[in-house]
Amino acid sequence: MSNLRVCVAGATGWAGSALAKGIFEAPDLELVAALSRSGAGKVLGDVLSIQGLTTPIFGTISEALATKPDIFVEYTKPSVAKGHILAALKEGAHVVVGTSGLSDDDYVEIDGVATEVRRGVLAVGNFALTAVLLQKFAEIAARYIPHWEIIDYAHADKKDAPSGTALQLANRLSQVRESQLDIPLDEMQGPRESRGVRLQGTQIHSVRLPGYVISLDAIFGMPDQKLILRHESGTSAEPYVQGALLAIRKVGTLIGVQRGLDSVMEF
Ligand SMILES: NC(=O)c1ccc[n+]([C@@H]2O[C@H](COP(=O)([O-])OP(=O)(O)OC[C@H]3O[C@@H](n4cnc5c(N)ncnc54)[C@H](OP(=O)(O)O)[C@@H]3O)[C@@H](O)[C@H]2O)c1
């Protein structure tokens, strides 16, 4: 079987550059194009100081897609991600989405296009294996425990809130049920914001402070007992590489949008 041809949008960024190196080192994958405005016209290996990596960097999505990748990886920023994803689908690529901050409505629209062109989109709010397992375990907990809330922690300059991981978890838990509120939000005393935001039936609280990297608590409470599922990742982009490589290898088996890496993992 010939190698999968991959294009990474955001290949010069923090997460994308680690993934680009991982693709370069993978024997079954070929990195045919990179997308970055500041790197346009350069060779990715020169920008990332990786010898032998000759992938060209393009400054526009249309130039990058002209290389006809089998798989397009979106790793840029929320404001341009949807446009990139739709363009890639229309050019016949399957898409892996790492970029956080797309809404559920965005995914409904993307699903419509992906289904029409019979391509897969695998959207993963967090490729780290420990975060993926947290989602799976939380889903099981929600079947037995009706009360839960999520706290998402990140560095002070993370612009999107809640995090992609928290949004994805809320979306997954909504397919089990809504978390129970013993006092409805509009009957609470004090500022409404104290209870966080309710999204897809889950209360989510986002902490943005120096000193944090990325972590998330999913707290399930029952009378006189609680379960706290916690994921933490460090400062390197390493935790995201293996999960993203798995997504690249599996997305071609899908049609339409699937959210969460565990949808293509065996348990
Ligand atoms: N799913 C996961 O596991 C996971 C893990 C880590 C990060 N993320 C998410 O991935 C996204 C990227 O994070 P990051 O920390 O890697 O960001 P970053 O370091 O700022 O990198 C962003 C990359 O996107 C490119 N880019 C930005 N705007 C662009 C545009 N309009 N057109 C083309 N390229 C553009 C940048 O290059 P130029 O500026 O030169 O264009 C750069 O290569 C964020 O949404 C983050 O939350 C997800």
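# A walk through the predicted model

Strands β7 (residues 147–154) and β10 (residues 214–222) run antiparallel and are joined by eight bridges. Two strands count as paired if DSSP finds at least two bridges between them; helices (H or I, at least four residues) and strands (E, at least two) are themselves DSSP runs, numbered from the N terminus. The model is predicted, so local features need pLDDT of at least 70 and side-chain atom pairs count only at pLDDT 80 or more, while totals for chains, interfaces and linings use all residues. Residues are numbered from 1 along each chain as its sequence is written, and side-chain values use heavy atoms, with hydrogens and water left out.

β10 and β11 run antiparallel and are joined by nine bridges. These strands belong to an open sheet of five strands in the order β8-β9-β7-β10-β11, with mixed pairing.

Aspartate 224 is in the loop between β10 and β11, a hairpin with two residues between the strands. Its phi is about 65 degrees, although aspartate 224 is not a glycine. At 84% relative accessibility, aspartate 224 counts as exposed. Glutamine 200, in the loop between β8 and β9, is likewise not a glycine and has a positive phi of about 50 degrees. Glutamine 200 counts as partly exposed, at 27% relative accessibility. The classes are set by relative accessible area: buried is under 20%, exposed is over 50%, and partly exposed is in between (1.4 Å probe, protein chains only).

Helix α7 (residues 164–174) lies across β7, β8, β9 (202–208) and β10, and runs at about 165 degrees to β7. Nine of the 11 residues of α7 are buried, and the helix is mostly covered. Among the buried residues are Gln168, Leu169, Asn171 and Arg172. The loop between β7 and α7 contains proline 162. A cis peptide bond joins alanine 161 and proline 162, with omega about -10 degrees.

Leucine 134 lies in helix α6 (residues 129–144) and counts as buried at 6% relative accessibility. From leucine 134 to glutamate 25 the separation is 109 residues in sequence and 28 Å in space, C-alpha to C-alpha.

Strand β1 (residues 4–9) pairs with β2 in the parallel sense over six bridges, and valine 8 has alanine 34 of β2 as its bridge partner. Alanine 34 also stands opposite isoleucine 57 in β3, where β2 and strand β3 (residues 57–58) pair in the parallel sense over two bridges. Strand β2 (residues 29–35) is largely enclosed by the rest of the structure, because six of its seven residues are buried. β1, α1 and β2 form a right-handed β-α-β unit. A crossover is right-handed if, with the strands pointing away from the viewer, the path from the first strand over the helix to the second runs clockwise.

Two packed helices are described by the angle between their axes and the distance between the axes. The axes of helix α1 (residues 14–25) and helix α8 (residues 238–250) come within 9 Å and cross at roughly 65 degrees. On the α1 side the contact is made by Trp14, Ala18, Leu19, Gly22 and Ile23, and on the α8 side by Tyr240, Val241, Ala244, Leu245 and Ile248. By class, this contact of α1 with α8 has nine nonpolar residues, one polar and no charged. Here Ala, Val, Leu, Ile, Met, Phe, Trp, Tyr, Cys and Pro count as nonpolar, Asp, Glu, Lys and Arg as charged, and the others, Gly among them, as polar.

Technical notes. Axes fitted to C-alpha atoms, helices over the stretch in contact; angles between N-to-C directions. Contact = heavy atoms within 4.5 Å.
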